[in-house]
Amino acid sequence: MEPRIEQAKAGQRFVFFVDAAHFVFLPFLGYLWCFVRMFIKAPSGRKRFNVLGALNAITHEMVTITNTGFINSYSVCKLLIKITQKCGNIPVSIVLDNARYQRCKLVQETAKLFDIELLYLPAYSPNLNLIERLWKFVKKKCLYSKYYSDFDSFTESISQCLAKTSGCYKKELDSLLSLNFQ
């Protein structure tokens with residue numbers, strides 16, 4: 001992975017970290033402590049907003065596929081096509097975890113068709129996937145101690161946060177999304 005990241009820093013290649021996040025429409029309490037009993041409004045928790053994201057390792061720009069159903073191999077193939085359209089003729093490497101829908105034959109053939117290199121992380125190593133840090137950041141910004149009256153405002157908040165990764169939140173994310181892995 002390190003040689004590919006060095007090529008990306010030199011502008012010779014794109015490296016994307018890919019993973020899915022499943023945001024559930026339910027309460028996420030930050031801190032709550034009081035002497036008086038309080039009732040806090042909370043949504044039902046029956047809906048979820050799925051985001052399959054690809055984070056550019058250098059620019060921190062996001063490419064996403066979203067839905068309210070489920071993420072599968074077809075979703076990953078759509079994401080690969082979207083990345084290919086964005087990158088043009090520059091080589092692309094994708095860093096993925098070992099989810100079954102990301103390792104299947106359909107995804108591997110689609111990657112081969114578009115000349116995308118797939119790099120799979122070792123099992124049980126989320127600390128090596130840069131996008132995991134972004135999901136934690138999004139949860140902190142959009143979910144913790146926040147109330148959304150309806151599912152549409154919930155999904156809109158998450159989508160806007162993801163759209164601002166290379167804009168408003170760039171300074172905050174530059175230190176969080178450094179390429180130092182432990």
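The model is a predicted one.

The largest nonpolar core holds 32 residues. Within this core, Phe23, Leu134, Phe154 and Ile158 touch the most other members. Five elements are named as giving two or more residues each: helix H1 (2-9), strand S1 (14-24), strand S2 (48-56), helix H5 (130-142) and helix H6 (151-163). Helix H5 supplies the largest share, with seven residues.

Phenylalanine 23 has contacts in several parts of the chain. With neighbours within four places in sequence left aside, Phe23 is in contact with Lys47, Arg48, Phe49 and Val51, among others. The list of contacts also includes Trp135, Val138, Lys139 and Leu143. Phe154 and Ile158 are in contact with Phe23 as well.

Aromatic rings form seven pairs in the model. One of them joins phenylalanine 23 and tryptophan 135. The ring centres of Phe23 and Trp135 are 6.1 Å apart, and the planes meet at 80 degrees. An angle over 60 degrees counts as edge-to-face, so the pair of Phe23 and Trp135 is edge-to-face. Phe23 belongs to strand S1 and Trp135 to helix H5, so this pair ties together parts that lie 112 residues apart in sequence. Phe23 and Trp135 are both buried.

A further pair is made by phenylalanine 25 and phenylalanine 154. Here the centres are 5.2 Å apart and the planes stand at 55 degrees, so the pair is tilted. Phe25 sits in the loop between S1 and S2, while Phe154 is in helix H6. The two residues are 129 residues apart, and their pair links distant parts of the chain. Phe25 and Phe154 are buried. They also share one aromatic cluster with Tyr148 and Phe151.

The surface carries a nonpolar patch made of Ile81, Leu113 and Phe114. Together these residues have about 270 Å² of accessible area. Phe114 lies in the loop between helix H4 (105-113) and strand S5 (116-120). Its relative accessibility is 31%, so Phe114 counts as partly exposed. Phe23, by contrast, is buried.

Conventions:
Residues are numbered from 1 along each chain as its sequence is written. This is a predicted model: local features need pLDDT of at least 70, side-chain atom pairs count only at pLDDT 80 or more; totals for chains, interfaces and linings use all residues. Side-chain values use heavy atoms; hydrogens and water are left out. Patches are made of residues with over 30% relative accessible area and no salt bridge: like charges are joined within 9 Å, nonpolar side chains (Val, Leu, Ile, Met, Phe, Trp, Tyr) within 5 Å. Accessible areas come from the Shrake-Rupley method with a 1.4 Å probe; for residues, only the protein chains shown count as cover. A salt bridge is a side-chain nitrogen of Lys or Arg within 4 Å of a carboxyl oxygen of Asp or Glu. Helices (H or I, at least four residues) and strands (E, at least two) are DSSP runs, numbered from the N terminus. Buried means under 20% relative accessible area, exposed over 50%, partly exposed in between (1.4 Å probe, protein chains only). A nonpolar core is a set of buried Ala, Val, Leu, Ile, Met, Phe, Trp, Tyr and Cys residues joined through side-chain atoms within 4.5 Å. Contact means heavy atoms within 4.5 Å. Rings of Phe, Tyr and Trp (its six-membered ring) pair if their centres lie within 6.5 Å; planes under 30 degrees apart count as stacked, over 60 as edge-to-face and the rest as tilted.
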